[in-house]
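Let's take a friendly walk through a protein model, one question at a time. Have a look at the sequence and fold first.

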Amino acid sequence: RSPLVNHICFTGSEAGGLAVQKAAADRIVNVGLELGGKDPAYVREDVDLAWAAYEVFDGAIFNSGQSCCAIERVYVHEKVYDGFVAEVKKVLSNYRVGEPSDPKTQIGPVVSKRAKEAILAQVEDAVKKGAKNETPANETFENFPPNGNYVKPTLLTGANHDMVVMKEETFGPVIPVLKVSGDDEAVKLMNDSDFGLTASVWSKDVAAAEKLVERVEAGTVFVNRSDFPSPVSTVYFGNELFANLSS
């Protein structure tokens, strides 16, 4: 409310953003809100399944899923659905949860007990409504360090939009997967959300994927990648250019 402030930026929850917007509503001042996401990924039938499964998995659980641009719901073409799930299980079975200071750790705790409880509540809601928890056995998922709010990376199959995990931000390492018949159903479901931050399409046919990008209601739509912590993360890379930069 201070007249000395001529621009307001807020990064946080949807509820927090609404509160900031209301507080500034009686002033002539710019307000920039960067709020939550429920970012979808669509895996088309022509992908390399092992590669796509690892990339989508990583996009969902990096930083324990605590990123506004993390993948939070995955739509997979029915022709490759079972194969995709099998490949994600392979990745999960070898993943390591543990102390962040341990060089072998790939995923640490979430930020608070409250966050942990909210994430687990979404998983419980999904299972009650028909989803199947297909997280494979992994010793590090069952024996967490004594201190910290740990949540194991969780694979949910048979998800649908009646479940909270497909509609509200999770902000945790949960991967809900839903089978779709093709591009049209995938786009319809990707757009069935109050959030429109980022999205991604995974396909060997880049031209076809780019056509789908135009139909997805999100601020940024990636092709064959998801967001990641990088100064150049908002730039779209073709596979060859990205490989050159990575090397």
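This is a predicted model: local features need pLDDT of at least 70, side-chain atom pairs count only at pLDDT 80 or more; totals for chains, interfaces and linings use all residues.

Residues are numbered from 1 along each chain as its sequence is written, and side-chain values use heavy atoms, with hydrogens and water left out.

Q: Are the rings of F57 and Y95 stacked or edge-to-face?
A: Rings of Phe, Tyr and Trp (its six-membered ring) pair if their centres lie within 6.5 Å; planes under 30 degrees apart are stacked, over 60 edge-to-face and the rest tilted. Here the centres are 4.8 Å apart and the planes stand at 75 degrees, so F57 and Y95 are edge-to-face.

Q: How many residues apart are F57 and Y95?
A: F57 sits in helix α2 (residues 49-61), and Y95 in the loop between α3 (81-93) and α4 (113-128). Helices (H or I, at least four residues) and strands (E, at least two) are DSSP runs, numbered from the N terminus. The pair links distant parts of the chain, and the separation is 38 residues.

Q: What kind of pair do F144 and Y150 form?
A: Their ring centres are 5.5 Å apart. With the planes at 20 degrees, the pair is therefore stacked.

Q: Is Y150 buried or exposed?
A: Buried means under 20% relative accessible area, exposed over 50%, and partly exposed in between (1.4 Å probe, protein chains only). F144, at 30%, is partly exposed. Y150 has 2% relative accessibility, so Y150 counts as buried.

Q: Which element gives the most to the lining of the second largest cavity?
A: On a 1 Å grid over the protein atoms alone, a cavity is a set of points where a 1.4 Å probe fits but cannot get out, and lining residues have an atom within 4 Å of a point. The lining of the second largest cavity includes D39, C69 and F222. Both β3 and β8 give two or more residues to this lining. With 3 residues, the one that gives the most is β8.

Note on methods. On a 1 Å grid over the protein atoms alone, a cavity is a set of points where a 1.4 Å probe fits but cannot get out, and a pocket is an open set with protein on both sides within 12 Å along at least five of seven lines; lining residues have an atom within 4 Å of a point.
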